[in-house]
Structures are given as C-alpha cells and as structure tokens.
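Here are a few notes to read with the model open beside you. Take them one at a time and find each spot on screen as you go.

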Amino acid sequence: MINDEDERFNSELDEWRKLPVFKQALVILHLVEHIIEGIHLDDPHPSTHYKLRLYERYTRQMMENALLIPSEIATADSTDLYDHKMENATIIRKAAKEIITDSKGLQASGYKEAEYLELLYDAVEEFRPLFAEWVQSFSTKNFIIDRWGLFNPPGVSYDDPVDTMSFDSKSFLRDLEDDWDDGDDDDLI
C-alpha cells in the first residue's frame, strides 16, 4: 500500500518538470551559470576592483533570480489555489525582469561577451509567452480571498464575504484527518 502511494506521489511530484515553462526556466538558469563562469572575479589589479564588485553584484542577483524561477514554478504547480499560484507567478515575473535589468547593468559595467547576453535576452523572451500561457491555465475555481486584493480571481473582491470562498477549510481539515486516521501509518514504523 505504501509503495503505491510513494509511486503516485513521485509521479505527481515530477509533473512540473514536464512543463514547457519549467524547461525554459532551466535554459535561463544554465545561461546565467555560463555567463557567471566566464567572469573572473579574482583579478587583483586595483583598477578593476570597482568593476569586479559591480560584476559580482549583478551576477549574484542574476543567479538568485535564475534559481528562483524554476523553484517558484514547482511551488505554484503544487497547489490548486488560484491566489497562491498567482502570488508565485508574480515572483517569477519579477525575477525574469530583474535578470534582464541586471544583465544590462552587467553590460554597462563593461562586460564584453554581448553574444551571451543576447542569448539570455532571447531565452527570457521565449520564456515570456510560455509563462503567460501557463498562467492562463490556472483554474479560478479554488481560491482563498486575498484580503490585500492582489491575487483574487476575476469578479472576486478583497472585501467579499467569507462564504464566497471556494476553498472549504473545514472539509479540507476533515479530509486530512480522515487520511491520517486511515490506519496505514503502521507501515511508517
């Protein structure tokens, strides 16, 4: 019984790896890694110290954002709640835009390998419609009202009454309790 559940969990876990938006996020990550690997931040020459600090700042931020994008895709794909998916999508969009901004800062600081930055710009531009299509696929049926008003489905307001929420927390907790009490936890020992 536990092996069947493990297999089901593992197959569901890997579903986000098959998403075109996730695959393109990995392309962006690999390009950022390649750009960073080509920069030597250990040059001791005093005239390059300032430039190296700028390179270090821009590349650190680029890597943080490039790592964030696939992580947030996996997180968004793991929930059924529209508001949570949209919150993750917002983080992804911001990270992708910051990669472009930081790469332009890198170029303005004297980075000479413009062809790699062009590849990165192209990869982000290829990511954009995949991302938009992925976001359009989010179901608006399950949500918790966002009282800040940012991530509600169309037609739902931040001040709508609680009974308009599609997410039934009592049912969720009852189902969770039923799953916990199904008696299969003996296999865990």
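This is a predicted model: local features need pLDDT of at least 70, side-chain atom pairs count only at pLDDT 80 or more; totals for chains, interfaces and linings use all residues.

1. Let's start at R128. This residue has a relative accessibility of 47%, so it counts as partly exposed.

2. Which residue does R128 form a salt bridge with? The partner is E125, and the closest N and O atoms of the pair are 2.6 Å apart. E125 is partly exposed too, with a relative accessibility of 43%.

3. Now see where those two sit. R128 and E125 both belong to helix α5, which covers residues 114–136. They are three residues apart there, so about one helical turn separates them.

4. Next, move to helix α4, residues 82–108. Here K94 and E98 make a salt bridge, with 2.5 Å between the closest N and O atoms. How many residues apart are K94 and E98? Four, or about one turn of the helix. As for E98, its relative accessibility is 28%, so this residue counts as partly exposed.

5. Go back towards the start of the numbering for another pair. The side chains of E15 and K18 meet in a salt bridge, at 3.2 Å from N to O. Is K18 buried or exposed? K18 is exposed, with a relative accessible area of 53%. The cut-off for exposed is over 50%, so K18 passes it. E15, at 39% relative accessibility, counts as partly exposed.

6. How many salt bridges does a search of the whole structure find? The count is four.

7. Zoom out now and look at the whole chain. The protein chain has six helices and zero strands. Read from the N terminus on, its elements therefore run α-α-α-α-α-α. Helices α4 and α5, where you looked at two of the pairs, belong to that run.

8. What about the inside and the outside? Of the 189 residues in the protein chain, 35% are buried. The chain exposes about 12400 Å², and carbon and sulfur atoms supply 54% of that area.

9. One last thing, on contacts along the sequence. Take the contacts in the protein chain between residues at least 6 apart in sequence: 67% of them join residues at least 24 apart.

Key:
Residues are numbered from 1 along each chain as its sequence is written. Side-chain values use heavy atoms; hydrogens and water are left out. Buried means under 20% relative accessible area, exposed over 50%, partly exposed in between (1.4 Å probe, protein chains only). Contact means heavy atoms within 4.5 Å. Accessible areas come from the Shrake-Rupley method with a 1.4 Å probe; for residues, only the protein chains shown count as cover.
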